[in-house]
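The tour below goes from one selection to the next and says what is to be found at each stop.

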Amino acid sequence: MMKKMGNLSDGEYDNLRSKEQNRTITAEEQTKLTEIREAMKQNRKFPEKVIKYLWDDAFKFNRDAVFDITKFKSLEQVIRAFMYSEKAERFSMFIKNVKNTFTNPKE
């Protein structure tokens, strides 16, 4: 079974987490919450490795060459933007020409 995180901004994860804390979660909801958490762990690998490398090492002294530092002031903000977005919006932390390279690659 493929684990699916879904769109974290739709509130489903927060709702399930709240039910878990309040001990009102059903077995089916607990299964879904576990599935989302596993997918989140897998999904964090890219931003925590690759984006962290770009932020902390490769562009440490000129982050504005790659990242939109007017909207994203910290690595945590960048990782959250990646994690809580889907499709092309996952690259919103990058400046326009970098984002376009990811979302509209030339064949």
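**A tour by selection**

Begin by selecting Glu20, which counts as partly exposed because its relative accessibility is 25%; here buried means under 20% relative accessible area, exposed means over 50%, and partly exposed lies in between, with a 1.4 Å probe and protein chains only. Before going on, note that this is a predicted model, in which local features need pLDDT of at least 70 and side-chain atom pairs count only at pLDDT 80 or more, while totals for chains, interfaces and linings use all residues. Residues are numbered from 1 along each chain as its sequence is written, and side-chain values use heavy atoms, with hydrogens and water left out.

A salt bridge is taken as a side-chain nitrogen of Lys or Arg within 4 Å of a carboxyl oxygen of Asp or Glu. Because Arg37 lies in helix α2 and Glu20 in helix α1, the pair ties together parts that are 17 residues apart in sequence. Arg37, at 27% relative accessibility, counts as partly exposed.

Now widen the view to the two helices, residues 12-21 for α1 and residues 27-58 for α2, whose axes come within 10 Å and cross at roughly 125 degrees. Helices are DSSP runs (H or I, at least four residues), numbered from the N terminus, and axes are lines fitted to C-alpha atoms over the stretch in contact, with angles running from 0 to 180 degrees between N-to-C directions. The helices α1 and α2 are therefore oblique to each other, since angles under 35 degrees count as roughly parallel, over 145 as roughly antiparallel, 65 to 115 as roughly perpendicular and the rest as oblique. To see the contact (heavy atoms within 4.5 Å), select residues including Tyr13 and Leu16 of α1 and Leu33, Ile36 and Met40 of α2.

Being 3 residues apart in helix α2, the two are separated by about one helical turn.

For the last stop, select Glu89 and Lys99, where a further salt bridge has an N to O distance of 3.7 Å. Glu89 lies in the loop between α3 (75-83) and α4 (96-103) and Lys99 in helix α4, so this pair ties together parts that are 10 residues apart in sequence. Glu89 is partly exposed at 44%, and Lys99 is partly exposed at 22%.
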